[in-house]
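I set out to record the strand pairing, the overall fold and the pockets of this chain. The entries follow in the order in which I looked things up.

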Amino acid sequence: MTVHLRPARPTDAGHVAAILSGYVDETPWLPRQFTRAEELSFAGKMVDLGWVTVAEQDEVCGFVARREAEILALYVAPDARCSGLGRTLLAYAKTCAPRLTLWTYQANTAAQRFYLRHGFRETGRTDGPDNDARLPDVHFSWQDEGST
């Protein structure tokens, strides 16, 4: 089935929030910091600011949120994982900026492997004082080799 990427619409905020909230629910090391209503509000704000691109087949099955050169979030619904959708969303983000940065949690080793596999390099680690969960995190960056 073909995946279509498009800018998120306000009506997509519920799908974006559900994907984000579902990830929190299924990740034992990630504490729930916000209610589902707060996650919906956050998703709505990201959509309203124009930061979110969604991937859809029959419905929204993943998204990337990018503020200029910073990837704020990249999530794929459970039934669409391991399908190349994350790679597709990341490849799209790379077409939008010659340099990208992002943070992920140190405990999220799968995300770290994913970003390293797709050309990102680790540029720092912290004990988490600046993220909502206060968990140790890792900073990554990517540079388009043609733009150096």
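**Entry 1: strand pairing.** I began at Thr-126, which stands opposite Asp-137 in S7. S6 and strand S7 (residues 137–143) run antiparallel and are joined by five bridges. I took helices (H or I, at least four residues) and strands (E, at least two) as DSSP runs, numbered from the N terminus. Two strands were counted as paired if DSSP finds at least two bridges between them.

**Entry 2: basis of the values.** I note that the model is predicted, that local features need pLDDT of at least 70 and side-chain atom pairs pLDDT 80 or more, and that totals for chains, interfaces and linings use all residues. Residues are numbered from 1 along each chain as its sequence is written, and side-chain values use heavy atoms, with hydrogens and water left out.

**Entry 3: the sheet.** I traced an open sheet of seven strands, with mixed pairing and the order S1-S2-S3-S4-S5-S7-S6. Strand S1 (4–7) and strand S6 (121–126) are at the edges; each has a single partner strand, so one side of each is left without a neighbour in the sheet. From one strand to the next the twist averages 25 degrees. H1 packs on the sheet and touches strand S2 (52–56), S3 and S4, its direction making about 90 degrees with that of S3. Contact here means heavy atoms within 4.5 Å; axes are lines fitted to C-alpha atoms, for helices over the stretch in contact, and angles run from 0 to 180 degrees between N-to-C directions.

**Entry 4: the chain as a whole.** I listed four helices and seven strands, which run β-α-α-β-β-β-α-β-α-β-β from the N terminus on. The C-alpha trace spans about 40 × 35 × 30 Å along its principal axes. The radius of gyration is 15 Å, which agrees with the value near 15 Å for a compact globule of 148 residues. It is taken over C-alpha atoms, and the globule rule is 2.2 Å times the number of residues to the power 0.38.

**Entry 5: the largest pocket.** I looked up pockets on a 1 Å grid over the protein atoms alone (open sets of points where a 1.4 Å probe fits, with protein on both sides within 12 Å along at least five of seven lines; lining residues have an atom within 4 Å of a point). The largest has a volume of about 1,600 Å³, the volume being the space filled by probe spheres set on the points. Its lining has 47 residues, with Leu-72, Ala-73, Leu-74, Tyr-75 and Asn-108 nearest the centre. S4 gives the largest share, seven residues.

**Entry 6: the second largest pocket.** I found a volume of about 180 Å³ and a lining of 13 residues, Glu-59, Val-60, Cys-61, Ala-77 and Asp-79 lying nearest the centre. H1 gives the most to this lining, with three residues.
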